[in-house]
Amino acid sequence: MERLSMTAVLEDFPVLIPVSDDDVAVAVRAVLTHAPERWPAGPLCRSERVPHPCRLARWGRDTLRAAGVTDARVDELVAAGDPDVWPWA
């Protein structure tokens, strides 16, 4: 069995192009679930408690950017905290 190198484990997840509606829905969940929380040591991922942005937060934002969503719009989504308040159509 082939062992993964540490570099492969830490690399970002790939963004598939073209971005499908399903990819966008999962990316929204990733961005919301892996949002930053303030801690004395700095912002940490809400889900993983690692420095923010974690791999899934980066993948979610990269996927949404590839779908044409601006960072400002993603920030609005994170601030709202509910994927259903943001229509995708």
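Visitor: Is Ala80 buried, partly exposed or exposed, and why?
Guide: Buried means under 20% relative accessible area, exposed means over 50%, and partly exposed is in between, using a 1.4 Å probe and protein chains only. Ala80 counts as partly exposed because its relative accessibility is 46%. Please keep in mind that this is a predicted model, where local features need pLDDT of at least 70, side-chain atom pairs count only at pLDDT 80 or more, and totals for chains, interfaces and linings use all residues. Residues are numbered from 1 along each chain as its sequence is written, and side-chain values use heavy atoms, with hydrogens and water left out.

Visitor: Where does Ala80 lie?
Guide: Helices (H or I, at least four residues) and strands (E, at least two) are DSSP runs, numbered from the N terminus. Ala80 lies in helix 4, which covers residues 71–80.

Visitor: How many helices and strands are in the chain?
Guide: You can find four helices and two strands. Read from the N terminus, their order is α-α-β-β-α-α. Of the 89 residues in the chain, 27% are buried.

Visitor: How are two packed helices described?
Guide: One gives the angle between their axes and the distance between the axes. Axes are lines fitted to C-alpha atoms, for helices over the stretch in contact, and angles run from 0 to 180 degrees between N-to-C directions. Here, helix 2 (residues 21–33) packs with helix 3 (residues 55–66) at about 140 degrees, and their axes are 8 Å apart. That makes helix 2 oblique to helix 3; angles under 35 degrees count as roughly parallel, over 145 as roughly antiparallel, 65 to 115 as roughly perpendicular and the rest as oblique. Contact means heavy atoms within 4.5 Å, and the residues making it include Val24 and Ala27 of helix 2 and Trp59 and Gly60 of helix 3.

Visitor: At what angle do helix 2 and helix 4 pack?
Guide: The angle is about 60 degrees, with the axes 9 Å apart. Val28, Val31 and Leu32 of helix 2 make the contact with Val74, Leu77 and Val78 of helix 4.

Visitor: Which crossing is left-handed, and which is right-handed?
Guide: A crossing is left-handed if the near helix is turned anticlockwise from the far one by less than a right angle, and right-handed if clockwise. Helix 2 passes helix 3 in a left-handed crossing, while helix 2 and helix 4 cross in a right-handed way.

Visitor: What does His34 touch?
Guide: Leaving out residues up to four places away in sequence, His34 touches Cys45, Ser47, Glu48, His52, Cys54, Leu56 and Ala57. His34 lies in the loop between helix 2 and strand 1 (36–37), and its relative accessible area of 7% makes it buried.

Visitor: Which peptide bonds are cis?
Guide: One runs from Ile17 to Pro18, with omega near 0 degrees, and Pro18 is in the loop between helix 1 (6–10) and helix 2. Another runs from His52 to Pro53, with omega near 5 degrees; Pro53 is in the loop between strand 2 (44–45) and helix 3.

Visitor: What sits over the ring of Phe13?
Guide: A charge sits over a ring if NZ of Lys or CZ of Arg is within 6 Å of the ring centre and within 35 degrees of the ring normal. In this model, the charged end of Arg55 sits over the Phe13 ring, 3.9 Å from its centre.
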